[in-house]
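The sequence and the structure come first.

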Amino acid sequence: MNTEDSAPEDIAGLFRKFGGNSHGYREFAPPEAETETPRVWPLLSGQRIAHPPAAAAPISSPVAPVAPVAPVPAAAPVAPVAPFAPPVHAQPRPAAAAPQPRVEPVLHTPPPVAASFAAPAADGTDVQPTPLEQLFERLAGPQPPSAAPGPLSRWRRPT
Amino acid sequence: METGATFIDYYDKKSCSSQWLEFNRGMAAELSAGLPPEDLRQLFCRVGQHFAQALPIPPCRTLEELQDRFNEHWDRIDWGFTVLSEESDGVAITHACSPIAMAFGPETTGWSVGFFEGVYQAWFDSQRMPASLRVQALKTAAVQGEPRVDLRLSKVAA
């Protein structure tokens, strides 16, 4: 029994005719035999990227950690950029609770920032929430109802 | 000669390295052909999360300090600058002079803004932000080719 015995006779005969070895011959499966079409971009099925613990020290990365950076040489001081044209907000945010008139920010190139970071409470004795934490708490809390329509309904409320 | 617009257009084109411009445009074309915009937006959001992990933000005490830390990173890599504006029920995030529209093409801004959603969400999350607050790009960010992205941090509807 030679190696060609496992192949059908017609295949083996064909290979013998051309001096080949039919042992490595494999039938292609018909396309309909495939059970599932693979996704074009399977990477998107991955889970959400795990974040480091909040406010943790900078994670190790190829990039040097946030070390005190030499003051960035002020790139050629650019004159304050003219405000952009006000955008048209048809639907500012679908998920927000109460629509508020958007205050157009004044865009300008930021001045060079001192490299020193504000030192957080190292000993943990500072239990007072920071202004940033207070802001988060306020935004996450229940929002006041929007003002009733009227002549002063667009008057900006103090924040 | 309208010098103002010409100058801006010139610097806008220079915002993306010519070494990578056509590569990025070609990749964006393939991405657009292979995935719907919502998936691409999600993909770029994940890219933004990686970006934020590579460039972490230390704990900040105020919104102004947080804006400064953001701009330190953006300035270092020539990605424009951001302005954070506190509002009654959210924080407006305006990112100007981003090279992303030039890098991937003006027609991709509908999904490439996902990058900024991912970056800012991850950066805010690192500041002990409640999970109910989310960063979302505003619809006006889809203005084609404009080097400005408007986002908003606010409470998501339950």
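In helix H4 of chain B, the buried residues are Leu66(B), Gln67(B), Arg69(B), Phe70(B), Asn71(B), Glu72(B) and Trp74(B). A residue is called buried if 20 or more other C-beta atoms lie within 10 Å of its own, exposed if 12 or fewer, and partly exposed in between, with C-beta atoms placed from the backbone. Helices (H or I, at least four residues) and strands (E, at least two) are DSSP runs, numbered from the N terminus. The cover over the buried residues of H4(B) includes H2 of chain A, as well as strand E1 (81–87) and H7 of chain B. H4(B) has 14 residues, and its first and last C-alpha atoms are 20 Å apart, close to the 20 Å expected at 1.5 Å a residue. The expected span is 1.5 Å times one less than the number of residues. After H4(B) comes Asp78(B), which has a positive phi near 60 degrees.

The model is predicted: local features need pLDDT of at least 70, side-chain atom pairs count only at pLDDT 80 or more, and totals for chains, interfaces and linings use all residues. Residues are numbered from 1 along each chain as its sequence is written, while chains are lettered from A and ligands numbered from 1 in the order in which they are written.

**Confidence**

pLDDT is the predictor's confidence in each residue, from 0 to 100. Chain B has an average pLDDT of 90, with 93% of its residues scoring at least 70. Within chain B, confidence is lowest in helix H1 (residues 3–13), with a mean of 75, and highest in H7(B), at 98. Chain A has a mean pLDDT of 61, and 28% of its residues reach 70 or more. Over residues 54–96 of chain A, pLDDT stays under 50. The scores for the model are ipTM 0.85 and pTM 0.60.

**The two chains**

Chain A contains two helices and zero strands, and 6% of its 159 residues count as buried. Chain B contains seven helices and four strands, which follow one another along the sequence as α-α-α-α-β-β-α-α-α-β-β. Of the 158 residues in chain B, 43% are buried. Two residues are in contact if their C-beta atoms, placed from the backbone, lie within 7 Å. In chain B, 59% of the contacts between residues at least 6 apart in sequence join residues at least 24 apart; in chain A, the share for residues 24 or more positions apart is 44% of the contacts with a separation of 6 or more.

Strands of a sheet pair through backbone hydrogen bonds, either parallel or antiparallel. In chain B, four strands form an open antiparallel sheet in the order E1-E2-E4-E3. E1 and E3 of chain B are the edge strands, each pairing on one side only. Neighbouring strands are turned by 20 degrees against each other on average, direction ignored. Such angles run from 0 to 180 degrees between N-to-C directions, and the axes are lines fitted to C-alpha atoms, for helices over the stretch in contact. Two strands pair if DSSP finds at least two bridges between them.

| Strand pair | Bridges | Residues opposite each other |
|---|---|---|
| E1(B) and E2(B) | seven bridges | Glu86(B) and Val91(B) |
| E2(B) and E4(B) | seven bridges | Ile93(B) and Leu151(B) |
| E3(B) and E4(B) | five bridges | Leu133(B) and Lys155(B) |

E4(B) is mostly covered, with seven of its eight residues buried. H7(B) lies across E2, E3 and E4 of chain B and runs at about 160 degrees to E3(B).

**The core**

A nonpolar core is a set of buried Ala, Val, Leu, Ile, Met, Phe, Trp, Tyr and Cys residues joined through C-beta atoms within 7 Å. The largest one has 37 residues, of which Ile93(B), Phe116(B), Val119(B), Tyr120(B), Trp123(B) and Leu151(B) touch the most other members. Elements that give two or more residues to this core include helix H2 (131–140) of chain A and, in chain B, helix H4 (63–76) and strand E4 (148–155). H7(B) gives the most, with seven residues. Leaving aside neighbours within four places in sequence, the contacts of Leu151(B) include Ile93(B), Phe116(B), Tyr120(B) and Val135(B).
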